[in-house]
Amino acid sequence: MPLTFNPVFSPRLYAAILMVLLAGLSVHVNAADNDETALLANMRSGGTVLMIRHALAPGTGDPDHFQLNDCSTQRNLNDTGRQQARAIGDWLRARGITSAKIYSSQWCRCLETAKLLDLGAVTELPALNSFFERPQDREPNLSALRAFIREQADPKQLTILVTHQVTISGITSQWTDSGHGKLIRQGADGQIELFGELSF
């Protein structure tokens, strides 16, 4: 069955609602924010999660005839986005991150980004799917994702989640540009610890 969008919510209205909701979230930002050496040390130590927004896919949202299993109905990576995705994988390998546990939204632009990283097998994770035009999915998706991060983050290996801006904002309360990432860990108290942003 095709995944359809609720036409009542416009992207602008949803973005405004999202910013109000984000204002109430609590995230701890590590003092080593955006220090590349510290971020790499945390990535190599395991137990951390790198949330990457899919690489460049021009436009906003998806066409009205969007179908989950048909990439031709979706907003997809352009050539610049594909180069960006490969460059992210190259950047990580050059710094000793040669493999990772990789999970992706089921959207084609995320799956393509994840595969082009070339750091390991890619597993689809519905909790990473976009809710930009489906606000009713916001809390179910984020609750499932927080549970996944809590239960599945590998203490010995970096976990990479390729997803959408709204998802990363929902977890970290911060905007993320295409092809950029946020390094996080969920603490024992259940709070998300944000180590910083990686601008590849």
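**Entry 1: α5 and α6.** I began with helix α5 (residues 138–152) and α6, whose axes come within 10 Å and cross at roughly 65°. Here axes are lines fitted to C-alpha atoms, for helices over the stretch in contact, and angles run from 0 to 180 degrees between N-to-C directions. Helices (H or I, at least four residues) and strands (E, at least two) are DSSP runs, numbered from the N terminus. I noted the crossing of α5 and α6 as right-handed. A crossing is right-handed if the near helix is turned clockwise from the far one by less than a right angle, and left-handed if anticlockwise. On the α5 side I found R138, L142, L145 and R146, and on the α6 side T167, G170 and I171. Contact means heavy atoms within 4.5 Å. I sorted the residues of this contact into three nonpolar, two polar and two charged. Ala, Val, Leu, Ile, Met, Phe, Trp, Tyr, Cys and Pro count as nonpolar, Asp, Glu, Lys and Arg as charged, and the others, Gly among them, as polar.

**Entry 2: what I am looking at.** This is a predicted model, in which local features need pLDDT of at least 70 and side-chain atom pairs count only at pLDDT 80 or more, while totals for chains, interfaces and linings use all residues. Residues are numbered from 1 along each chain as its sequence is written, and side-chain values use heavy atoms, with hydrogens and water left out.

**Entry 3: the whole chain.** I counted six helices and seven strands in the protein chain. Along the sequence they follow the pattern α-β-α-β-α-β-α-β-α-β-α-β-β. Of the 200 residues, 50% count as buried. Buried means under 20% relative accessible area, exposed over 50%, and partly exposed in between (1.4 Å probe, protein chains only). I also looked up contacts between residues at least 6 apart in sequence, and 68% of them join residues at least 24 apart. The protein chain exposes about 9300 Å², with carbon and sulfur atoms supplying 52% of that area. Accessible areas come from the Shrake-Rupley method with a 1.4 Å probe; for residues, only the protein chains shown count as cover.

**Entry 4: α3 and α4.** Next I turned to helix α3 (residues 79–94) and helix α4 (residues 108–117), which pack at an angle of about 40° with their axes 7 Å apart. α3 and α4 are therefore oblique to each other. Angles under 35 degrees count as roughly parallel, over 145 as roughly antiparallel, 65 to 115 as roughly perpendicular and the rest as oblique. The crossing of α3 and α4 is right-handed. From α3, I listed R82, A85, R86, I88, G89 and R93, which meet E112, T113, L116 and L117 in α4. The residues of this contact divide into four nonpolar, two polar and four charged.

**Entry 5: back to α6.** How many residues of α6 are buried? I found that eight of its eight residues are. Q165 lies in this helix, which covers residues 165–172, and Q165 counts as buried because its relative accessibility is 9%. Leaving out residues up to four places away in sequence, Q165 touches R53, Q174, W175 and T176.

Entry 6: Most residues other than glycine have a negative phi, so I stopped at the next two. S173 sits in the loop between α6 and β6 (180–186) and is partly exposed, with a relative accessible area of 26%. D118 is not a glycine either, yet has a positive phi of about 55°. I placed D118 in the loop between α4 and β4 (122–124), where D118 is exposed at a relative accessible area of 55%.

**Entry 7: two buried residues.** Is Q74 buried or exposed? Q74 counts as buried, because its relative accessibility is 6%. Q74 belongs to the loop between β2 (49–53) and α3. Its contacts, leaving aside neighbours within four places in sequence, include F66, L68 and W107. The C-alpha atoms of Q74 and W107 are separated by 7.9 Å, though the two are 33 residues apart along the chain.

G181 is in strand β6 and counts as buried, at 0% relative accessibility. Among the residues that G181 touches beyond four places in sequence are L50, I52, G196 and F200.
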